[in-house]
Amino acid sequence: TNNADSGFPKPIIGETFYSIKDGNWSDISVWQTASGRVGLTPSSNDNVYVRHIITLNISTSCNSLYILGTLLFDSTARGLSIFGDLHCATIGVLNMSTSNAAHSLGLYGINNDFFGTFITGTSSNVTYARNGNQNVLPLQYRNLVLTGSGVKYLIADTTINGGLTCNSGGFLECSIYNLSVFGGTSVPNSSANGIGKNGSGNLLFVGGIAIGNSTTPTLLLTGNPNVECRGGITFDVGGNITVGSGTWTFSTNNQTLSLQGRALNNAIISGAITVSVNNTLSIYGNINCDNASGKLLMNASSILAFTTQIAAETSLTIGTWDFTTNANTIQYNGNYSATIPSYFTTFSSLTIGGTGTKTLGVNTTLNANLNNNGTLECSTYNLTVNGQALINPNSSFSKNSSGNFLFVGELTLGSSGGGGQAITFNLSGNPTVECRGGIQVPSATPTLFNSGTNTWTFSTNNQNIYNINGSGSGMSLVFTCPILISGAI
């Protein structure tokens, strides 16, 4: 208790204060204690009953606060910390909207309840700060901040009209309840920060989502909720993130995804918007647009990985995709067999991996590189590789039908390291082959090299056929076909 006048008796710690008239919190004439004392104002140890219109004109604290009248924050940004519990009766009003100042309310109790009217304004912050578990009151918040150890639990569907921040150990468990955040969502780098949902339902993030780095879960959606994003996603590469198997919908606004390789099940680009991908996006269900004008744009150095047959064969049947404006890589790298869809005619770079056979479904052009770590069957279709065509050890590259290959960059069979190279290069369909960048072969002969019987043409540029160390020794490639050197090269 604060002694406002040395002429008054020494205050008693932990008293209960009642308002006796309208006025400012700092006005000693507004308050009377349960024991009849006057001339004092509440402090952090005291319980406070607001029964009139009380204006919070200072930043202060109390133990428990009971609102049966109106508590009005004034026009200057004020802070109120409640170290006990907050109780607001049906007739009570908590108004943090004056001048839309950045008022703050800190809640440390575990038995809070609110049945009255909460007016947030456009800049207020409510912080749940107890070092321990707390329930989040079922209110409409402007900005919500969660700090301290323990878990903060939603107990009803909750709307945050501004931003959500989980900081300094703050972890929000949404449980079975829906959460809508209309501002940004931030989980900074720190141990125990995070957002979880162990029940189904829906999450809506209108602003951007930024999830930081931590060894503890920073996003834990084990209940597999559906998630809608309108402002993009930034995941830290070190974040402990479980995105669940629900559907992720990207809607309303153009946005950028930086998921650092996290795998989504089903993803929908909703509306005539562009979703851009940074770093790596993995899909194991499928990704599609629901509008013909929707677009998936791969940014520079990005990777789109199809990790299942369903993802490989059913993605992007609606809408448009841009795999070529920027240098990026599309990966078919799971343990499955699949035919690459016929509508994917041009890639920047293409990576093949995993078990099972990946088969071309159309004449295909790569503006950059082919990196084959698995089994690629070109079937009846032509293939143009404008960068390097790398056929790695323990992989297979084949064409069981006629057609054409154009290797503008180097055709590389194997990698450094010496010894036998378990590589299959089998052109049993006898296609024609044109090379403009030469051939590099391993230090030992591939397990199977079948050139086919149609013509191999070396054209356009001076080029070499040599082994990995440049010596030309230690290899034995048998061409069972005509070889044509075309042009003044």
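Leaving aside neighbours within four places in sequence, Tyr332 touches Phe306, Ala312, Ile340, Pro341, Phe344, Phe347, Leu350, Thr351, Ile352, Gly353 and Lys358. Tyr332 is also one of the residues with the most contacts inside the largest nonpolar core, a set of 111 residues. The model is predicted, and the chain averages a pLDDT of 93.

**Confidence**

- A pLDDT of at least 70 is reached by 94% of the residues.
- Over residues 1-12, pLDDT stays under 50. The model has 28 contacts beyond four places in sequence for this stretch. Where pLDDT is low, the predicted coordinates should not be read in detail.

**Nonpolar core**

- Besides Tyr332, the residues with the most contacts inside the largest core are Leu65, Trp248, Phe306, Phe397 and Trp456. Strand β38, covering residues 280-289, gives the most to this core, with four residues.
- Phe306, named among those core residues, is itself a contact of Tyr332.
- In soluble globular proteins, nonpolar side chains tend to be buried together.

**Parallel sheet**

- An open sheet is built from five strands in the order β3-β7-β10-β13-β16, with parallel pairing. Its edges are β3 (23-24) and β16 (117-119), each of which pairs on one side only.
- Within the sheet, β7 (residues 53-56) and β10 (residues 70-73) pair in the parallel sense over four bridges. Thr55 has Leu72 in β10 as its bridge partner.

**Two buried loop residues**

- Val243 sits in the loop between β33 (240-242) and β34 (247-251). Val243 counts as buried because its relative accessible area is 6%, below the 20% cut-off.
- Beyond four places in sequence, the contacts of Val243 are Leu221, Phe235, Trp248, Arg262, Ala263 and Leu264. Of these, Trp248 is also listed among the residues with the most contacts inside the largest nonpolar core.
- Between Val243 and Asn224 there are 7.5 Å in space, C-alpha to C-alpha, although the two are 19 residues apart in sequence.
- Asn299 is placed in the loop between β39 (295-298) and β40 (303-306). With a relative accessible area of 17%, Asn299 is buried as well, since the cut-off is 20%.
- Leaving aside neighbours within four places in sequence, Asn299 is in contact with Thr256, Ser276, Val277, Asn278, Asn326, Ala327 and Asn328.

- Side chains of opposite charge can pair when their charged atoms come close.

Note on methods. Residues numbered from 1 in each chain as written. Predicted model: local features only at pLDDT ≥ 70, side-chain atom pairs only at ≥ 80, totals over all residues. Heavy atoms only, no water. Core = buried A, V, L, I, M, F, W, Y, C linked by side-chain atoms within 4.5 Å. Buried < 20%, exposed > 50% of the residue type's maximum accessible area, 1.4 Å probe, protein only. Contact = heavy atoms within 4.5 Å. Pairing = 2+ DSSP bridges. pLDDT = per-residue confidence, 0-100.
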